[in-house]
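Morning, everyone. I have one structure to go through today, and I will keep it short. Please have a look at it first.

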Amino acid sequence: MSTGAVSHDPIAGPHTHTSRSVTMTMVLVILALSPATLFGLYIFGWPAINLLVLTLFSAWLAEIGALWLAGKPIRVFALDGSAILTGLLLALSLPPWAPWWIAVFGGIFAIVVGKHIFGGLGNNVFNPAMLARVALLISFPLEMTTWANPAPLFAAASPGFLEGIKITFIGFSEIDALSSASYLGHVKTELSQGATVTPLLEGIFQLDQALLGTRNGSLGETSALLLLAGGVLLLYKRVITWHIPGAMLLTIVLVASLMNFLSPEQYPHALFHVLAGSTLLGAFFIATDLVTSPSTKRGQILFGVGCGLLTYVIRTWGGYPEGVSFAVLIMNSVTPLIDYYIRPRIYGRTHTGAPVTYTPKKIKKQLHLEDDAS
Amino acid sequence: MKLFRFRGGVHPQSNKVLSADRAIEAMPLSERLYIPLQQHIGAPAEPRVKQGERVLKGQLLAHSQGMISAPVHAPTSGTVLAIGDFTAPHPSGLPVRTITLEPDGKDECLETAKLISPFVLEPGDIAAKVGAAGIVGMGGATFPSAVKLLRDEKRPIHTLVINGGECEPYLTCDDRLMRESPKEIADGVVIMLHALKARRALIAIEDNKPEAFSAMMKACRLIGNVDVLKVPSLYPMGSEKQMIQTLTGMEVPAGKMAMDIGVLVHNVGTAFAVHQALRNSRPLVSRIVTVSGGAISNTKNLDVPIGTLVSDLIEYCGGYKEPPARLLMGGPMMGQALPHDRVPIVKGSSGIIALTAEEIKPKHTMPCIRCGSCVSVCPCGLMPLEMAARARVNDAEGAINYGLMDCISCGSCAYACPSNIPLVQYFNYAKGLAAKEREEKSKHDKTRQLAEFRAARLEREAREKAEAAARRKAQREAKKAAEAAAVKKAEAENSEASA
């Protein structure tokens, strides 16, 4: 006869579970970002590698420090992958040859102010990576708008390992390798000074460069194709759904096309907007951040539309050439409101919450009662 | 027939292959049977027998109390050893009033009256016979079936749905019953149709049971108003509300019942029991139980007399392969965790599942990352993350605002949650909190009412007292005045006489 004693703390079901976990979700997103990350490291060389490593480490150590201060179990949370993901997203949105203190300050700011001050995992209102990026941009505009031209890793123009260390920790003096405007910024400046779209874009916007990523920009935003591939992986694995990226991209396309149609020489076309800047990175990896986006599908569509609209508005009429980070932060602040008002329809109730009613005619129809001979 | 889709739902690994091909075996009689008096929703049954009395198989042991109740019958012949407390098959392990029966091995049946065809009976009589047979919902809900077979002229039933969904993983009892006794089930369905005077019946079977589907199709081929349909295998398809939505496109209105839209749902096992009761005069004294799970040596589908201990079933199945991490009565999604196996099988025990740690996939709970998976899978359109957040801070009203009272506790949300948050536990807690608050409020209202009545009564008494006093005073004064007047009159007469 078996012992029969199986006692445990009484707990309601279910007593089985999907294999999806928080760590697995983080790992999948990191995996989806790796092609674009590796490509970015390749074309921007050693300084970019240093920057990435520094940002990841700063974020991770800041996480451990914050957990210790808050008295939370360190091992469980430090290994959940969320700090690494935040660090990665931040690094991908930084200028590739930024100095070491940008990485360290940004990483610490993102984790401590962007996440732990709000209560840690799941409680932050704003996307931590974007919060840090915007804080850096406003505080250190010079360093945050100094862009490196692509210099593939093993080519002659690329700095070697030691030179890379020097660039990251001490600074660089060769001005030819840098430019003070990303190409989104350059286009904006030129347009504001009266240039027209067609000749301007002809000169600098090359489709193959934009798709592949051999152009200047932040560390991870350049390769449209690789970012798109990562986004498709996330959709396939059901980490994200089409609602936010779809809504954001469609809104940008529609608004840009409309403005381009109304005044083709003042406003660049939709393809430019989608491929330039961090639109794709933002649509698939930043706006879709689970904690800071709405939890209902309709809410997510509204969120995506808002992000897209604000991105375009800030890019075109705002003071900064890049709008994605600001747009996402503004929409993050609206998320609690969206979640409060936009709720799914409850079974057995109408949208207003009253119980559904069926007329006898409707019941007859649904139960196929007219078909009966009796 | 066109089918509709319900919102959300999850696809847990079904694991039915572990027991789906095991034909139903009769469970041999145990040394003792422990028959609880509460195996159904409603008032417990009241014992009719005394300690030491010998009973026959099918004899009434306890009668129902009131309309929402069910009687309990002896699963076999034997002696009533005791009427007292025994461990209930419930996670709490709390006791329930139970009749202990010692089988005498003869399995002697109670003599029953000659059988009449159920179709000459009045529909009300069919319901009465079903009630007298102690039949309750065999899908696990155990609602007294007689109540659900009474025809209500104000809410006529047009469509009877027979639930052959069995969406819970591991459970194969309904599957086997449909494969092995399709004609009996079909007969039960036709009897039910007669009782309800409903126009047609739809037997819905999930598409992961092709053999059961063909068996039922064959059995119902010549019955004109009974259709057998395949429905998609999706949890919780077997839930009444979702089944109705899939088959008819209509939703049961909040706060109302399926009867209000002309539909009624009964489990295939209930239909089988109705057949047994109306054709063979057999009350509900046994049921099919699936014994399965990774920790069981031999999985089986057993025909078990009510009151058999779970430990006896496990022993009959070869015992445990390894100590189970959890022992469940029911399926893994909505089943109840048993504290140990010395509890009896009751009318609603569809399965005994002994799970290993790998099958449960236990993980520690992380904070909610607001991923919204729970919202996507909820078949009722609720927001589990918001309800749980409010339950966590004892805000029952807030949780109700987000739909807590519309929750069917299917567990899809907790199944899908990547942070392993025990959402259903939070909802159970919040529902309990809401019930307590309601009770306290009603008590508070009653107390206030009583205080008001008392104040009014005191005021009334004081008023009456004052009126009475005033009346007495007026009387006294009138008397005095009359006396004074009389004296004066007498004086006047005297003076007149003397003058």
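Chain A and chain B bury about 5,500 Å² between them, with 59% of that area on carbon and sulfur atoms. Bear in mind that this is a predicted model.

Which residues of chain A lose the most area to chain B? They are A:H15, A:H17 and A:Y347, and together they make up 17% of what that side buries. In terms of contacts, 49 residues of chain A touch 76 residues of chain B.

Now the polar side of the interface. There are 23 residue pairs in polar contact between chain A and chain B, counting pairs with both residues at pLDDT 80 or more. The rule also finds 3 salt bridges across this interface. One of them joins the side chains of A:R349 and B:D406, at 2.9 Å from N to O.

As for where the chain A side comes from, the elements that give two or more residues to it are α3 (74–78), α17 (324–341) and α18 (360–366). Sorted by class, the side of chain A that touches chain B has 23 nonpolar, 18 polar and 8 charged residues.

A:T311 sits in helix α16, which covers residues 297–317. Is A:T311 buried or exposed? A:T311 counts as buried, because its relative accessibility is 1%. What is A:T311 in contact with, leaving aside neighbours within four places in sequence? The list is A:M248, A:I252, A:E322, A:G323, A:V324 and A:A327.

That is what I have for today.

Conventions
Residues numbered from 1 in each chain as written. Chains lettered and ligands numbered in written order. Predicted model: local features only at pLDDT ≥ 70, side-chain atom pairs only at ≥ 80, totals over all residues. Heavy atoms only, no water. Contact = heavy atoms within 4.5 Å. Buried area = accessible area lost by both parts, 1.4 Å probe. Salt bridge = Lys/Arg side-chain N within 4 Å of Asp/Glu carboxyl O. Polar contact = N/O pair within 3.5 Å; in protein donor to acceptor, adjacent residues only side chain to side chain. Helix = DSSP H or I, 4+ residues; strand = E, 2+ residues; numbered from the N terminus. Nonpolar A, V, L, I, M, F, W, Y, C, P; charged D, E, K, R; others polar. Buried < 20%, exposed > 50% of the residue type's maximum accessible area, 1.4 Å probe, protein only.
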